[in-house]
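Dear colleague,

Please find the structure below, together with its sequence. My notes on what was found in it follow directly after.

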Amino acid sequence: MLPDRSKLPGDAFMSPQAAQICEEAARKGIYNLSPLESMWRDKQPHLRARGYSLRPRYAKGWQPSWTGTNIDPFYCEDSIISRTMHVIDARSSDGTLVAIKHVKSRGQEVEISQFVTSTKHPHNHCVPVKDLFPDPDDPEWSFMVIPYLRPFNDPEFELIGDVIEFISQVLEGLSFLHSNSIAHRDISSLNVMMDGRPLYPKGHHPMRIRASIDLLEAATPLRRIDHRIEYFYIDFGLSVRLPPGASPLVLGYIGRGSEVPEISGTVPWDAYKADVCALGNLLYEEFLEKYCDTDFIKPLVDCMRQRQPDLRPGAGELIRMFQQLCNIANPSKSRWSRLSPRNEAAPERILKDAIAAARHGYHDIRRIVG
């Protein structure tokens with residue numbers, strides 16, 4: 001689908017020579033569908049019958065929309081290649097953006113995903129399943145539809161309050177999983193995501209997530225602090241739900257094994273304690289390493305990353321510990337404090353701190369005035 005020429009910037013139009021080179025590249029198959037994309041193209045009729053539509057690129061008989069024009073393919077939505085394994089974005093019949101995952105029909109992922117979806121609890125921060133239906137071409141596989149989510153750290157965190165809210169939710173989510181005898185076993189920055197819709201009321205492109213839906217401008221986010229952002233654990237493909245009263249000891253090098261010291265293929269390890277360590281690693285890498293103003297969570301993260309698994313607190317204790325640390329840090333004042341990247345130069349820090357203080361004052365006035 002070609003973009004509106006009148007809205008394109010000048011660099012979107014190629015010279016005759018560049019257009020000829022691009023035309024030749026298309027003829028050679030540079031923009032052809034990958035084998036994974038071809039699978040989704042072939043599934044499109046069944047998905048459409050179920051009420052889901054893929055992007056125009058995956059329509060039967062698709063041809064590059066820019067063929068025969070001088071428009072740079074970069075500005076054409078159907079030039080964007082999907083590179084994610086077994087997952088693709090789609091629109092439901094009401095226009096809602098969703099993600100569709102091709103999953104094994106029988107297995108822990110479907111079972112656990114359905115269980116957490118059916119369990120209502122304020123600490124349940126697991127991605128819900130919106131729809132599940134079989135692949136008509138292979139009954140061993142199914143399509144699982146979940147909300148479209150974006151990386152939890154894009155856009156970047158801005159204020160201490162943003163960090164507090166994130167950590168609160170992921171600790172609650174971990175407690176929910178463990179209290180229901182579920183060990184995630186693959187906690188990482190890739191498997192914690194957020195519903196970014198409150199930050200992008202006009203939406204954004206599902207693949208080029210920092211661009212508008214039509215790719216013609218940057219997608220500018222609103223501030224996290226002003227909106228309720230929901231964070232979710234995703235991908236239960238390596239997870240395990242243990243029988244009631246069963247030992248949490250497991251075997252195997254899976255998930256984030258290289259980052260959790262006790263992971264072994266021969267010596268049993270506690271799956272819950274490994275989850276705690278993996279989440280501690282995530283918090284360390286995303287906050288303590290990046291920002292100067294997050295030292296108040298260091299005691300929490302240090303406990304979670306203890307080399308001796310038995311010394312790591314359980315998820316419920318971590319929630320209580322975090323609440324205490326926030327009280328000591330006086331979050332009523334620090335919530336609006338700006339996060340300062342460790343690599344930020346002093347003059348830049350002074351300027352940005354002053355802007356953040358002015359914003360804080362503005363929001364205080366708005367709250368008082370109503």
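Phe-152 counts as buried because its relative accessibility is 0%; buried means under 20% relative accessible area, exposed over 50%, and partly exposed in between, with a 1.4 Å probe and protein chains only. Phe-166 is likewise counted as buried, at 0% relative accessibility. Please note that this is a predicted model, in which local features need pLDDT of at least 70 and side-chain atom pairs count only at pLDDT 80 or more, while totals for chains, interfaces and linings use all residues. Residues are numbered from 1 along each chain as its sequence is written, and side-chain values use heavy atoms, with hydrogens and water left out.

Aromatic contacts

The structure holds 11 aromatic pairs. Rings of Phe, Tyr and Trp (its six-membered ring) pair if their centres lie within 6.5 Å; planes under 30 degrees apart count as stacked, over 60 as edge-to-face and the rest as tilted. Trp-40 and Phe-143 form a tilted pair, with 5.9 Å centre to centre and 50° between the planes. This pair links distant parts of the chain, with Trp-40 in helix 2 (residues 35–49) and Phe-143 in strand 5, 103 residues apart. Helices (H or I, at least four residues) and strands (E, at least two) are DSSP runs, numbered from the N terminus. Both Trp-40 and Phe-143 are buried.

Phe-152 and Phe-166 form a stacked pair, 4.7 Å centre to centre and with 15° between the planes. Here Phe-152 lies in the loop between strand 6 (150–151) and helix 4, whereas Phe-166 belongs to helix 4, 14 residues apart. Ring pairs also join these two residues with Phe-157, Tyr-231 and Phe-287 in a cluster.

Arginines over rings

Arg-224 lies over the face of Phe-157, at 3.9 Å from the ring centre. Arg-305 lies over the face of Tyr-284, at 4.1 Å from the ring centre. A charge sits over a ring if NZ of Lys or CZ of Arg is within 6 Å of the ring centre and within 35 degrees of the ring normal.

Helix 4

Helix 4 covers residues 160–179, and its 20 residues reach 28 Å from first C-alpha to last, close to the expected 28 Å; the expected span is 1.5 Å times one less than the number of residues. Helix 4 is largely enclosed by the rest of the structure, because 16 of its 20 residues are buried. Just after helix 4, Ser-181 takes a positive phi of about 60°.

Yours sincerely
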